[in-house]
Amino acid sequence: MTTKHRTRFWLYMATAMILANALPASAIDEATALAASAPDAVAAATIMAGAEENLPHGESAQPVRRYRSEVERVWFETEGGTAARGARAKVVAMSMGMEDVDSAARALVAEGGTPDEALANAKLAARLAPNLPIARAGLARELWRQGSYGEAAEQAVAGVGAIFRNFEAAAWLFGSLLVMIAVVLTVAPLVFIVSVAVSVYARASHDLGDLFTKAMPSFSRAALLGALLLIPLALGEGIMGLMLALFGLAFLYGDARHRIALTLAVVLLVVGLYPVAYTASTVLIALDSDPVAAATLAVVQGVESERDIALLEEASETEFLAEHILAVRERRQGHVETAIERYAALVESHPRNAEVLTNYANLLFSNGDDKDAVEYYERSAALIDSPRLMFNLSQANARLFKIEEFEAALRSAQAIDADAVAELSRVGDAEFVADLAFPLTTLGTRLLTTARANRMSNVAIDGLMPGWLGARWMNLAGSFALIAIGAIMLRGRFDRASSCTRCGKRICGRCDGTVWNSETCNPCYHLFHRPETTDATLRVTRLSELQKRDSRLGHVMTIASLLVPGAAGLFARRPDLAFSGILFCGFAAVFLGWHDGIVPDPLAVGNAGALAFITAGSLSAIAYLVVVGRGLMIRRSL
Ligand SMILES: [Zn+2]
Ligand SMILES: [Zn+2]
C-alpha cells in the first residue's frame, strides 16, 4: 500500500465512523484518534474542532461541528431516523450535482444492526450511491440473508455493473484484471515452450551426439545439448534467452500442430509482456501520477484533505480543472457568495462550458436573480441536451410566472429523459434546481494520459530479459521469428531421431541398420506388420511385454495428466490441448488466488469484485477440467 492509499483508507474509515448514525462518544474519540494518526487526515479532525454558525440556538448543548459539505450538514441536522436523513441527503446531493453520496452510503453499509435495520440501511445506501459497487454488494448480502435470492442476485449483478461507472472501482478492477492477464500470458507460454522442449529433448540430444561420435553415452549427449541451450543465458540475455533456445529446439522437433501452438504461445507472450503489462501499470498508478487530478477526484467524492485543497489552490492559477473543482467545492459547502465569485470568473474564461454555465445559473437562481439565471440556462441549452438543465430552466421560468416558457422547458426535459425529470419533480420544491455532475470521464482520461507518460519500468521485462532482447518488443518478437524460420530451414537438412510409438525405442537412421518409418522400430515392424517373419513363441512373449508396458505407462500418464497442467494434451499428441490447458489452469489460479485483487480495494468495490473474480476463476477451472478430460479420452483411443 502506498502512502496515498493508506491515507485514503484512513480517511474513509474516519468519515464512515463519524457519519455513522447515533455514534457513541467513545467511537467519535476513536475516529479522531485514527484521523490524527494519518498525517493527511486533518479534515476529519476539523469536523470536530470548529463551531457551526448556522446552528439553531436550541441545539447549543450538543457538540459543535463544522461540516465539510451541505450533504453532511443535512445528514446530521435532519430530525428523524436514518431513512429521513437519507432522503434529505439525497435531495441535497442531487442539487449539488452529486450522483452518489459515497461517504454516507459507506457508513450505512458498515452500520449493521438487527437484520431488518441492516436491510433498511443497505437499501438506503444503494439509493444514496447507486454507482457505488460496495453499496450494491451490501444490499445483495442483506437480501440474501433475508431469503430474497432473486432480488439479491439482481443487486449482485448491478454491483458488478456499477464497477464500470465508478472511476476508482474501475481502475481497481481493470488494473488487477490486467495484471492477472499479463501474468498468465507471460507464464503459460513459457511453461508450454519448456514442456514441448522437454518432450523432444532425448531425441535432439541423440542427434547432436551423432555429430561427434555414435559411441557417445546418452548422459554426455544430454549434457552437450544442455550446454548449447544455455549459451544465450550465459551471454546475458536472461531467462528469455534460454526460452528462445528451448523454443528453437521445440520448433525443430515438433510436428505441424506443435509449430502452430508454439507460434500462438509466442504471440500471446509478446502481447502479455508489452501492451497488457504496460496498460496494467498505467491503470494502477493512474491515481498517484497526477496529484491535481487525484485531488480533484477526492473533492468529487468528498474525502479531500487540506493538502489536496492547498494543491488545488496553487494549481487553480493555471489549470481550469483545479479552478472548476474549487468552485464546485464552495457550492457544496454552502458558501454561496464565494461560489458565485468563482463561477463568475469561470464563465468569463470558459464561456462555452455547459457545466459551468448551468451551475452558475443555479447559483444565480438560488440568490433570487431569476432573469440572469434564465439567460445562462439558455446559453447552456444551446450547447448540450440535458434533462437537468431543462428542468432547471423550467423552475426559473415558473418563478418568473412565464407559464408558456415553463411548459416548453419541462416538455423538452421530459423528451430527453422522462425518468430523470420524474425524480427531480418528486422533490416538489419550487426552489429546487440540480447542478450538472462534475465531468468524471474527462478526469479519468486525464489521469490515464498522465499515467501513461509516467509509468514505471516493467518488472517482468527487467527480470526475464535484462539484455538486448528486453530493450524493445521488436527485438523479442523478431528473435522468435528468426529462430522459427531457422528451425524450419534446418528441418530438411538432417535426419531427426524419433521414437517408436509401439515400444518407445529410439529410431535413428544413422545408428540403426534398417528404418521402416519414423513411427515404428524394426522389431515392432516385424512383430505387427510381418508376423510370418518372427518366431511364434518369441512373438507371444514380446506382445505380452508390450502390453504390460502399455498399462504401466498408462497409469503414470493418467496421474501425470491430472497433476501437471498441459501433460494430458502432450500425451494425447495434441499440443493445442496442452497449451489451452496451461492457459486455463493459469487463469483459474490467478482469479481464485487473487480474488481480492492485486492492490487493496479502495473501499469502493467490496464483495462485488471478489464475486466477479471467483466467477471467472471457476469458469476457467471448469474449462481446464474439460480440456484434461478431452486429452485423456484422446490418448485412450490412440
Ligand atoms: Zn518398437
Ligand atoms: Zn543415432
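How many of the 13 residues of H20 are buried?

**The whole chain**

What you have open is a predicted model. Show it as a cartoon and you will find 30 helices and 2 strands in the protein chain. The chain has 638 residues, and 43% of them count as buried. Among contacts with a separation of 6 or more, 62% are between residues 24 or more positions apart.

**Stop 1: helix H20**

Now select residues 387–399, which form H20. Here is the answer to the opening question: 11 of the 13 residues are buried, so the helix is mostly covered. Colour Pro387, Arg388, Leu389, Met390, Phe391, Asn392, Leu393, Ser394, Gln395, Ala396 and Asn397 to see the buried residues.

**Stop 2: H20 beside H21**

Keep H20 on screen and highlight H21, residues 403–416. The two helices pack at an angle of about 165°, and their axes are 8 Å apart. Are they roughly parallel or antiparallel? H20 and H21 are roughly antiparallel, because an angle over 145 degrees counts as such. H20 passes H21 in a left-handed crossing.

To see where they meet, show side chains on both helices. From H20 come Pro387, Met390, Phe391, Leu393, Ser394, Asn397 and Ala398, and from H21 come Glu405, Phe406, Ala409, Leu410, Ser412, Ala413 and Ile416.

**Stop 3: Phe401, in the loop**

Between H20 and H21 there is a loop, and Phe401 is in it. Most residues other than glycine have a negative phi. Is Phe401 buried or exposed? Phe401 counts as exposed, because it has 8 C-beta neighbours inside 10 Å.

**Stop 4: helix H11**

Move to residues 218–229, which make up H11. This helix has 12 residues and reaches 17 Å from its first C-alpha to its last, close to the expected 16 Å. Select Arg221, Leu225 and Leu229, the buried residues of H11. Look down the axis of the helix: these residues fall within an arc of 75°, so they line one face. An α-helix has 3.6 residues a turn, so residues three or four places apart point the same way.

Turn to the other side of H11 and you will find Phe219, Gly226 and Ala227, which are exposed. The buried residues pack against helix H10 (167–212) and helix H12 (231–253).

**Stop 5: H6 and H8**

For a second pair of helices, select H6 (residues 102–111) and H8 (residues 133–145). Their axes are 9 Å apart, and the angle is about 30°. H6 and H8 are therefore roughly parallel to each other, and their crossing is left-handed. Ala105, Arg106 and Val109 in H6 meet Ile134, Ala135 and Gly138 in H8.

**Stop 6: H29, H30 and Val628**

Go on to H29 (575–593) and H30 (residues 607–636). Their axes come within 8 Å and cross at roughly 155°. That makes H29 roughly antiparallel to H30. The contact includes Gly581, Phe584 and Phe587 of H29, and Ala621, Tyr624 and Val628 of H30.

Zoom in on Val628. Val628 is buried, with 21 other C-beta atoms within 10 Å. Which residues does Val628 touch, not counting those up to four places away in sequence? They are Ser561, Leu562, Ala568 and Gly581. Select Gly569 too: Gly569 and Val628 are 59 residues apart in sequence and 7.2 Å apart in space, C-alpha to C-alpha.

**Last stop: Arg573**

Finish in the loop between helix H28 (567–571) and H29, where you will find Arg573. Arg573 is not a glycine, yet its phi is positive, about 55°. Arg573 is partly exposed, with 17 other C-beta atoms within 10 Å.

Terms used
Residues are numbered from 1 along each chain as its sequence is written. Chains are lettered from A and ligands numbered from 1 in the order in which they are written. This is a predicted model: local features need pLDDT of at least 70, side-chain atom pairs count only at pLDDT 80 or more; totals for chains, interfaces and linings use all residues. Helices (H or I, at least four residues) and strands (E, at least two) are DSSP runs, numbered from the N terminus. The expected span of a helix is 1.5 Å times one less than its number of residues. A residue is buried if 20 or more other C-beta atoms lie within 10 Å of its own, exposed if 12 or fewer, and partly exposed in between; C-beta atoms are placed from the backbone. The arc is that of the directions from the helix axis to the C-beta atoms. Two residues are in contact if their C-beta atoms, placed from the backbone, lie within 7 Å. Axes are lines fitted to C-alpha atoms, for helices over the stretch in contact, and angles run from 0 to 180 degrees between N-to-C directions. Angles under 35 degrees count as roughly parallel, over 145 as roughly antiparallel, 65 to 115 as roughly perpendicular and the rest as oblique. A crossing is left-handed if the near helix is turned anticlockwise from the far one by less than a right angle, and right-handed if clockwise.
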